[in-house]
Amino acid sequence: MTHHRFSSRQTLAHLVLIFGAVIVLLPFYVMLTTSFKSSVGIASGTGGLFGAQELVLDQSCVNLGGSEQDCLTRPLIDNYHQAFTAAPLWRYLLNGVIVTASIFVLQTLIAVPAAYALAKLRFWGRDAAFGLVLFCLLIPVHAIALPLYLMLAKLGLTNSYAALILPWIVSAFGIFLMRQFFMTVPDDLIDAARMDGMGEFAIIWRVMLPTAIPALLAFAIFSVVAHWNDYFWPRIVLTGDRNLFTPPLGLREFKGDLDGDFYGPMMATATVIVTPLVVAFLLAQRRFIDGITLTGMK
Amino acid sequence: MATVQLHKIKKSFGGTDVLKGVSLDIADGEFLSLVGPSGCGKSTLLRILAGLETQSSGTVSIGGRPIDGLRAADRDLAMVFQSYALYPHLTVAENIAVPLTMRRLSGAQRLPGIGPFLPGSRSLRQEIATTVREAAEMLDIAHLLDRKPGQLSGGQRQRVAVGRALVREPSAFLLDEPLSNLDAKMRVHMRAEIAQLNRRLGATFVYVTHDQAEAMTMSDRIAVMMEGELLQVGTPDALYDRPADIRVAQFIGSPAINILPVETDDTGMIRLYGAQTGFRAGRAQIEHLGVRPEALLPCDDNELLSGRVRLIENLGSDLFVQLDVPGVPRPVTLRLPPSARGRLRPGELMHLCADRARVVGFDASGKAAPLLRAEVCAHV
C-alpha cells in the first residue's frame, strides 16, 4: 500500500511548475481569446474565452454594396475571414513551407556529412574544427545580420527566396547535435559498412542517417520552429515583394498605424500560423524527447 | 579463395610499436588462428589485413598480389566483428544482401524510389534475394529474414553476421573474436559450426581470438602473438607438445603447463633445488622445465619431484590434482584418470615421475633448448 501523504517539498515544486506553465501559456490564451472577440470585446476585456459573439457589421461586405442585414456576422468568423482575405495568408503559409523545408533539407545535407567527419574520421585539425563549430554556436544572429545583409545586397539577392534560405543552410547547432549522436554509433558498424563495399558517402546516407533519425527529428523541430517563426530576418531582406512574405510578416497587415491596430484579425492570423507547429510537435513529441536525450542506439 | 601473405608488417601508434615486423604466410583454404592475450596486436594485424587500418611499413598480398593501396571495400575480403555490427535499421534479409547490392547494382540502381524500376535492376535484385535465401537456409536463419537485428538473440545475430560475410564468396574470411559475446554453451556450438563452414566452403579463414581453446579446436595452424611479435606458428599439436617459447607453453593448454625453476650445474646436470632431475642440458643453460599435467605420473619413489596434495578437482572425466612442491612457486598440477579418486587425500605426500619424452627445457631467454637424458653420464 502506498500512502499519498502531504509533502511540502512536492507541493512547492508543483506550485513553481504551475506558475511557470501559466507564464508560458498566458500569451497563448490571450492570442486565442483575442482572435475570437470583436474589437469592443477586446477593448472591454469581457466575454470570457469565446467573447459574447454578438453580431458585428462586416465593413468589407458593406463596401462591396451588401445590405446591412446580409453583412452582419459573428466576430470569430469575421476575424478569421479577414485573416485570410485582407492578406494572402495562404501564399504566406506556402512561402513559410518552402523556406523552412528548403532550409532544413540543405542544413541536413551539410550537417550530416560534417558531423560524420567530426565524429568518426581521423584527420589533422579535427578538434580545432569542432572547436570552431562550438564557437559558432555562441554567435548571436543579430550580430552578423548587417554584414550578411550587405553581402546579399551586393550579390543582388535581397527580395528572393535565396535571401531567406542561404544564410541558414550551415547550422552549427545541427552539426553539433548530429556529431554528438554519431559519437555513440559503434565504430564496428562503420568498419562493417566499409568491408561491405560502401564508400564514405554511402556510409553517411545508408548507415549513419537511418540510425540517427531520432536526433534528426529533434533537429528538425528546432530548425523548423526557429525559421517558421522568424520575424527578424525576413523583415530585413524582404523590402518590397509581398509575394515572398513569410507567415509572421503577415501579422503586419493588421498593424493599421493611423486607424489603430486590428487585434482580432491579427491574433486570428497568429493562431493560424502557430497551429501547424503545435500539431507537429504534439505528433513528434516522443521521438523529439528521444532525440534530445540521445538514446537512439539501444 | 586465395593465399594471404603478410610481410614484415610494422605498426606504431604515436610512439608505441604495436606490431614489430610480423611476417605470416597463410595457405589457400587454411584455417589460421591468431591467438594471444589482449593488447598483443592481433586485432590490429587483422584490421591491417582488412584495410581498415594502414600499416607503418610492410606489405600485404592476397593471391600473390600486393593490395596495400586498396580500400577495404576493394580487397575482396569479408569480416565478422565481435559486436556483429549489423545494420540496426535493416531486416536480416537486407543486412545479408548489403554486400551484394553494393557490388552488383550500379549507383543508380541502388537509389531508393526509382532504383528498382531501372532496366536490369529487377533480375539482379531477384538473384540477390535467391543468394540471400540460400545463405540463410545454410545457416538455419531462413525463418528470421524479416526480423530486425534488435529482435534476435546473440547466437542468431552471430549467424546473420556470418551470413553477410559469406554471401559474396570473398577470397578470405576475417573473424575478429566472433564468439566472445556468446554464452559458454553457444560458443562451443558455434565453434564447431564455423570450423565446418571452413571445410564446406574451402575458403581461407583468419580467426582472431584470445581464447586458446577456440584456437586449438578449430585451426589448421595457430599463430601465437605477444607484444607485437609472432612467437610461434604451427599446428595445434606442435604448439602443445613442442612450444618454441616459454610464453607459448604457458598460453596454450588448460590447465596450464607446469613450469619448474631449475639450475644447470658445472657438469651440465639439471637440478631442481639441489635434487637430480635425470636431465642434462644440451647446448644452452636450462633455467626452466615445462611438463604438461598429463605427462606427470605418480611413482613409488621421488624420481622428479614430490609434494603434498593441496587440492583435488574432479571434472568427472578427469581428476586434476594440485601439489605443493617445496621450492616451486606455483602448485604443480597433474592429470589423473577418475579411477584414482579413492586413493588420494589432501595433505598426502606424492612422488612424481615424468614421461621423459614430453618434458621441454627453456633457456634464460625463455626459448626452447634441447634436453638430454642424464642416466648415461650419471654412472660414469
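The structure is a predicted model, in which local features require a pLDDT of at least 70 and side-chain atom pairs count only at pLDDT 80 or more, whereas totals for chains, interfaces and linings use all residues. Residues are numbered from 1 along each chain as its sequence is written, with chains lettered from A and ligands numbered from 1 in the order in which they are written.

Chain B contains 10 helices and 23 strands; helices (H or I, at least four residues) and strands (E, at least two) are DSSP runs, numbered from the N terminus. Along the principal axes, the C-alpha atoms of chain B fill a box of roughly 90 × 50 × 35 Å. Of its 380 residues, 39% count as buried, a residue being buried if 20 or more other C-beta atoms, placed from the backbone, lie within 10 Å of its own, exposed if 12 or fewer, and partly exposed in between. Among contacts in chain B with a separation of 6 or more, 66% involve residues 24 or more positions apart; two residues are in contact if their C-beta atoms, placed from the backbone, lie within 7 Å.

One open sheet of chain B comprises 6 strands in the order β6-β7-β8-β3-β9-β10, with mixed pairing. Two strands pair if DSSP finds at least two bridges between them. The edges are formed by β6 and β10 (229-234) of chain B, each of which pairs on one side only. On average, neighbouring strands of this sheet are turned by 20 degrees against each other, direction ignored. β6(B) runs parallel to strand β7 (residues 172-176) of chain B, to which 4 bridges join it, and B:V80 has B:L175 in β7(B) as its bridge partner.

Strands β13 (residues 269-272) and β14 (residues 275-281) of chain B pair in the antiparallel sense over 3 bridges; B:M269 has B:R280 in β14(B) as its bridge partner.

At the interface, 17 residues of chain B are in contact with 14 residues of chain A. On the chain B side, β6 (77-80) and α2 (92-104) each supply at least two residues, and α2(B) gives the most, with 4 residues. By class, this side has 14 nonpolar, 2 polar and 1 charged residues; Ala, Val, Leu, Ile, Met, Phe, Trp, Tyr, Cys and Pro count as nonpolar, Asp, Glu, Lys and Arg as charged, and the others, Gly among them, as polar.

Within chain B, α2(B) also packs against helix α5 (residues 154-166) at an angle of about 30 degrees, with the axes 7 Å apart. Axes are lines fitted to C-alpha atoms, for helices over the stretch in contact, and angles run from 0 to 180 degrees between N-to-C directions. B:V92, B:N95, B:I96, B:V98 and B:P99 in α2(B) meet B:V160, B:G163 and B:R164 in α5(B). The contact has 5 nonpolar, 2 polar and 1 charged residues.
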